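Me: I am new to this structure and should like to learn how to read it. May we go through it one feature at a time?

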Amino acid sequence: MSSFRHEKIAGFLRGILLPGKGSLTFDRLAFPMKHLSRRKRWNCVLQEARRIANPANGFGMPPILQIEPVNFCNLRCPTCAFGAGLIRRPPAALSFDLYRSIIDQVKDHTCLMAFWAWGEPFLHEGACDMIRYARDNGILVHTSTNGHFFRTRKEARRVIESGLDSVIVCVDGLDQKTYETYRVGGELGIVLESVRNLVEERNFLGRENPRITLRFLVMRHNEHQAREFERKALELGADAASLRFPIVRRQDVDLEGRLDPLHEAYGTPTTPRGRTGRRGISLPAAHCGRPYGNLTIFSSGEVVLCENDENASFSLGNASRHGIRDILASRHARNLLASFRRRAGKLPFCADCEANRHRGDSLNLQTRAFQKESRR
């Protein structure tokens, strides 16, 4: 092993294990770990080791846990599994009792909760209470929303006071016609007003969090507004602006010809697989660390390797019937993980994954953080 690699590993361990050091990166956003326990830091190290070594026993408690509050939405975005009509699970809202049980089981190990999957999280009437419960148990909380639920300062205040650490608000156009091309059923004016309410209420309360990131999916019909979007995000008082590619293919839905941007600055970097669709390709297990560090629990309680198994076709077990540790230690779960390690491309949700089409994390084009002074 080279001295450079030794230094890189040593730096990673120092950053994770030393008090006041290090951060956890998720979705190109950094979450400081200075307030997290040493036990949680060790869990990050152990799970990274599992991902690299792919041991037979596989799972441990996830450093990042994705929880789906609801599996339905007020919008109909055409390549979202819900908007495209691909979700066959009955509409469901996660019960608070089950949610509390899950948090109680993972609170000593999980660093960050991603509070969304296939639905709009703030359609859950107890969303803010759920966020507060996770924060009270030492778990950082990050969520993503279409931004239609903070129309008043009072609604925005509830979100701020929940203790939420970070929120992404999706703004995919700077005029109503452009915006609703993808965000079908949405109203841009409401979204912009919601962002203003969040920013103004946070400032009024003197809070640093939640960090507010505005996200822009760069598509053929809106790519001409991408740079103006960054200026708009700064004007609104956001903490960061994020440019990202959309998911253009999911199962039998293929909108690549309609959505992929044309400008060379946003040209889509693809693998040789191109547009061939699902071919049962074999992917190296190291290509993805989701099962090791980012398990998903759906609103029905189903535990899955990845959120892209949107109908829980390969469920590891149900958290309403079994404990998280028991589910992850089961022979069934270990067999599914072995299938993922050996031939990920044979799993439909892996074969369809955009990671096969994009190199690395190139779905995320750019995340630009603004300095505090420039936001004022």
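Me: What should be known about the model before reading it?

Reply: Residues are numbered from 1 along each chain as its sequence is written, and side-chain values use heavy atoms, with hydrogens and water left out. This is a predicted model, in which local features need pLDDT of at least 70 and side-chain atom pairs count only at pLDDT 80 or more, while totals for chains, interfaces and linings use all residues.

Me: What is the mean pLDDT of the protein chain?

Reply: pLDDT is the predictor's confidence in each residue, from 0 to 100. The protein chain has a mean of 84, with 82% of its residues at 70 or more. Over residues 1-12 the value is below 50, and this stretch has 4 contacts (heavy atoms within 4.5 Å) beyond near neighbours in sequence. Residues 269-286 also stay under 50, with 38 contacts beyond four places in sequence. Where pLDDT is low, the predicted coordinates should not be read in detail.

Me: How is a pair of helices described?

Reply: Two packed helices are described by the angle between their axes and the distance between the axes. Helices (H or I, at least four residues) and strands (E, at least two) are DSSP runs, numbered from the N terminus. Axes are lines fitted to C-alpha atoms, for helices over the stretch in contact, with angles from 0 to 180 degrees between N-to-C directions. The axes of H3 and helix H4 (residues 127-136) come within 10 Å and cross at roughly 20 degrees. H3 and H4 are therefore roughly parallel to each other (angles under 35 degrees; over 145 is roughly antiparallel, 65 to 115 roughly perpendicular, the rest oblique).

Me: Which residues of H3 and H4 meet?

Reply: Phe96, Tyr99, Arg100, Ile103 and Asp104 of H3 meet Asp129, Met130, Ile131, Tyr133 and Ala134 of H4.

Me: At what angle do H5 and H7 cross?

Reply: Helix H5 (residues 153-161) and helix H7 (residues 188-205) have axes that come within 9 Å and cross at roughly 60 degrees. H5 is therefore oblique to H7.

Me: Is Pro69 buried or exposed?

Reply: Pro69 counts as buried because its relative accessibility is 1% (buried is under 20% relative accessible area, exposed over 50%, partly exposed in between; 1.4 Å probe, protein chains only). Pro69 lies in the loop between strand S3 (64-67) and helix H3 (96-106). Leaving aside residues up to four places away in sequence, Pro69 touches several residues, including Phe115, Trp116 and His124. Pro69 and Trp116 are 47 residues apart in sequence, yet 6.4 Å apart in space, C-alpha to C-alpha.
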